[in-house]
Amino acid sequence: MRSIAVLSLVLGVVSASPLKRWAYSKYFDLQGHRGGRGETIENTLPSFAWGLINGVTTLEMDLGLTKDGYLIVWHDENIDPTKCKDTGAVEEGDPMYPYVGKYIANLTLSQVKTLDCGSLRLDGFPLQEVYAGTKLSTLSEMFDFVTCATDEEVLFNIETKVDGDYHNLTRSAEDFVKAIGEVYGQYNIWDRVTHQSFEWLALVLSKELYPQLRTSALFDDSTSDGGNLTTHGTGPSNWLAGLDIDTFPGDTIAERVVRAAASINADLISPSVTAGASSAVDPAEEGWIGFVNKTMVDTAHSLGLQVKPWTANRKNLFEYLFDIGVDGIITDYPHELRRLLEHKGTYPLAPVGDVGRIMGCLAKHNQYTETKGNGKGY
């Protein structure tokens, strides 16, 4: 592994002083996963608009890094044909066309901007509102929209999509860390952003180079090097900066994962709610196995880490997570989680957004392809 000192020279990034505005930390951390993909097409300005309207504390999203160095708000390593459609090549005879199916790391911003990623409703989320013709946004365009849409200092939980196993499928951890530092510095937004990643080397670099930036260690079965979330890992993991979770103390994997995250100075751990070995999806069902449990939460809190699991999409899961004392919940249905929190009346909640202002800013900032139709939700 390259030393942090060498990487600092390579990246040429100078950290700014922390501002520590975290005003929104006083609220229960209701996070809209990819904006709220159960309700609106994911990782788009419309999804973030509805997240603000629904009063999320944090907008959760993902980043890809294009061939020419632009941070794009997008979850997948490639352009998923169930989510986006081609509308035409940037120039006649472009050998990369069609762009659907290609990897973000191999596409330029101009090529990505031709895609219609707002017309297709996912089968798994039949209530998604679509915004026909919507283009993907850069990270800067997303910040500009949110600045227009609200004066509230909403938080951002932003994942860098680095592939820990197949390094040629995405840009490197070093490339991502340099790119996010440049944008966060431009907007001076360090104290409102959490850097999350399944690929923990990116978090190690981020914490060393930008100590004012909070980091969140994502974790599930696929990143424990084939381990089972109910038992153990299977050795050092490419995803966990080479760590072997079984070398950390603890009677359960839940404790060991937390201690591993603490060893890289993460501020949070963000694990999968349900273990991969679970034969059920709801705590009320026989065979359900939770990975997140009270032992994990108590261990994390004793070490100064918060716990914010993903992706909880059932009210029985919400209730379970409340009972074990998590610090926030990442959900595809922020409106439904908000309803439950309001019903309980025991959690401080962020203000809901101004619908008129937000929709006005969406009309101003959302970009559409030429085949957009009328650009409204359908």
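Analyst: Happy to. Keep in mind that this is a predicted model. Let's begin with a helix pair: A254, E255, V258 and R259 in helix 7 meet T295, M296, T299 and A300 in helix 8. The residues in this contact split into 4 nonpolar, 2 polar and 2 charged.

User: How do I describe the way two helices pack? At what angle do helix 7 and helix 8 pack, and how far apart are their axes?

Analyst: Look at the angle between the axes and at the distance between them. Here helix 7 (residues 253-263) packs against helix 8 (residues 294-302) at about 30°, and the axes are 8 Å apart. Angles under 35 degrees count as roughly parallel, so helix 7 is roughly parallel to helix 8.

User: Which hand does the crossing of helix 7 and helix 8 have, left or right?

Analyst: Right: helix 7 goes past helix 8 in a right-handed crossing.

User: Now strands. How many residues of strand 6 are buried?

Analyst: For a strand, check burial and then see which way the residues point. Strand 6 (residues 214-219) is mostly covered, with 6 of its 6 residues buried. R214, S216 and L218 point one way, while T215, A217 and F219 point the other way, and all are buried.

User: Which way do strand 5 and strand 6 run, parallel or antiparallel?

Analyst: They run parallel, and 4 bridges join strand 5 (residues 193-197) to strand 6.

User: What about a residue in a loop? Where does Y24 sit, and is Y24 buried or exposed?

Analyst: Y24 lies in the loop between helix 1 (4-11) and strand 1 (29-32). Y24 is buried, with a relative accessible area of 3%.

User: Which residues does Y24 touch, apart from those up to four places away in sequence?

Analyst: The list is V56, T57, E152, E153, V154, L155, A350 and P351. Take E152 as a case of sequence distance versus distance in space: Y24 and E152 are 128 residues apart in sequence, yet 8.6 Å apart from C-alpha to C-alpha.

Conventions:
Residues are numbered from 1 along each chain as its sequence is written. This is a predicted model: local features need pLDDT of at least 70, side-chain atom pairs count only at pLDDT 80 or more; totals for chains, interfaces and linings use all residues. Side-chain values use heavy atoms; hydrogens and water are left out. Axes are lines fitted to C-alpha atoms, for helices over the stretch in contact, and angles run from 0 to 180 degrees between N-to-C directions. Angles under 35 degrees count as roughly parallel, over 145 as roughly antiparallel, 65 to 115 as roughly perpendicular and the rest as oblique. A crossing is left-handed if the near helix is turned anticlockwise from the far one by less than a right angle, and right-handed if clockwise. Contact means heavy atoms within 4.5 Å. Ala, Val, Leu, Ile, Met, Phe, Trp, Tyr, Cys and Pro count as nonpolar, Asp, Glu, Lys and Arg as charged, and the others, Gly among them, as polar. Buried means under 20% relative accessible area, exposed over 50%, partly exposed in between (1.4 Å probe, protein chains only). Two strands pair if DSSP finds at least two bridges between them.
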